[in-house]
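This report walks through one protein model, a few residues at a time. Keep the sequence and the 3D view at hand while reading.

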Amino acid sequence: LAALVLMALAIVFLIPGPPSTTTTPGGPSLPFDCNAGFDTWKAGWSIDKKAWCCEHAGKGCPPPRPPTSTAAPPGTYDCNAGFDNWKAGWS
């Protein structure tokens with residue numbers, strides 16, 4: 001019986017609990033406080049915190065990627081120039 005009690009105590013005190021969370025007054029437990037350290041989020045936040053705060057608070061998000069387009073800007077080509085010989089002249 002004493003061995004079982006010791007084993008139960010060892011399990012209770014040696015197994016780590018769930019990760020700590022931040023609580024908001026009157027609200028649920030949150031895994032991260034997205035206001036804490038926001039001024040240095042790029043260098044100071046973990047990847048997990050950046051992802052969570054971006055998704056849930058709109059903070060710590062990577063900058064949007066510029067659009068990728070291979071189309072020429074409007075007005076770059078004169079489509080009427082060389083039209084009479086387009087098969088041989090256009091690339």
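## Starting point: Ala-36

Where does Ala-36 lie? Ala-36 sits in the loop between β2 (29-30) and α2 (41-44). Helices here are DSSP runs of H or I with at least four residues, strands are runs of E with at least two, and both are numbered from the N terminus. This is a predicted model, in which local features need pLDDT of at least 70 and side-chain atom pairs count only at pLDDT 80 or more, while totals for chains, interfaces and linings use all residues. Residues are numbered from 1 along each chain as its sequence is written, and side-chain values use heavy atoms, with hydrogens and water left out.

Ala-36 counts as partly exposed because its relative accessibility is 35%. The scale has three classes: buried is under 20% relative accessible area, exposed is over 50%, and partly exposed is in between (1.4 Å probe, protein chains only). Setting aside neighbours within four places in sequence, Ala-36 is in contact with Trp-45 and Lys-49. Contact means heavy atoms within 4.5 Å.

## The overall layout

The protein has four helices and two strands. From the N terminus on, the order is α-β-β-α-α-α. Of the 91 residues, 8% are buried. Take the contacts with a separation of 6 or more: residues 24 or more positions apart account for 4% of them.

Pro-31 has 34% relative accessibility, so it counts as partly exposed. Pro-31 and Asp-48 are 17 residues apart in sequence. Their C-alpha atoms are 9.8 Å apart in space.

Phe-38 belongs to this loop too. Its relative accessible area is 33%, so Phe-38 is partly exposed. Not counting residues up to four places away in sequence, Phe-38 touches Trp-45, Lys-59 and Gly-60. Phe-38 and Gly-60 are 22 residues apart along the chain, and 7.6 Å separates their C-alpha atoms.

## Helix α3 and its two faces

Which residues of helix α3 are buried? In this helix (residues 47-57), they are Lys-49, Trp-52 and Cys-53. They lie on the same side of α3, because they cover an arc of only 95° around the axis. The arc is that of the directions from the helix axis to the C-beta atoms. These buried residues pack against β2.

The face turned away from the buried side carries the exposed residues Ile-47 and Glu-55. After α3 comes Gly-58. The phi of Gly-58 is positive, near 70°.

## Lys-49: a buried charge

Lys-49 is placed in helix α3. Which side chain of opposite charge is nearest to Lys-49? It is Asp-33, 6.2 Å away. Lys and Arg count as positive, Asp and Glu as negative; His and the chain ends are not counted. Lys-49 is buried yet has no salt bridge, a term for a side-chain nitrogen of Lys or Arg within 4 Å of a carboxyl oxygen of Asp or Glu.

A polar atom of the Lys-49 side chain lies 3.0 Å from the backbone oxygen of Ala-36. Leaving out neighbours within four places in sequence, Lys-49 is in contact with Phe-32, Asp-33, Cys-34 and Ala-36.

## Two disulfides

How many disulfides does a search of the whole structure find? The search finds two. A disulfide is a pair of cysteine sulfur atoms within 2.5 Å. With the bonded cysteines numbered in sequence order, the pairing is 1-2, 3-4.

Cys-34 and Cys-53 form a disulfide, with sulfur atoms 2.0 Å apart. This pair links distant parts of the chain: Cys-34 is in the loop between β2 and α2, Cys-53 is in helix α3, and they are 19 residues apart. The torsion about their S-S bond is about -90°, so the disulfide of Cys-34 and Cys-53 is left-handed. Both Cys-34 and Cys-53 are buried. Cys-54 and Cys-61 also form a disulfide, with sulfur atoms 2.1 Å apart. Their link is right-handed, with 110° about the S-S bond. Cys-54 counts as partly exposed because its relative accessibility is 25%. Cys-61 is at 26%, so Cys-61 counts as partly exposed.

Conventions:
Polar contact = N/O pair within 3.5 Å; in protein donor to acceptor, adjacent residues only side chain to side chain.
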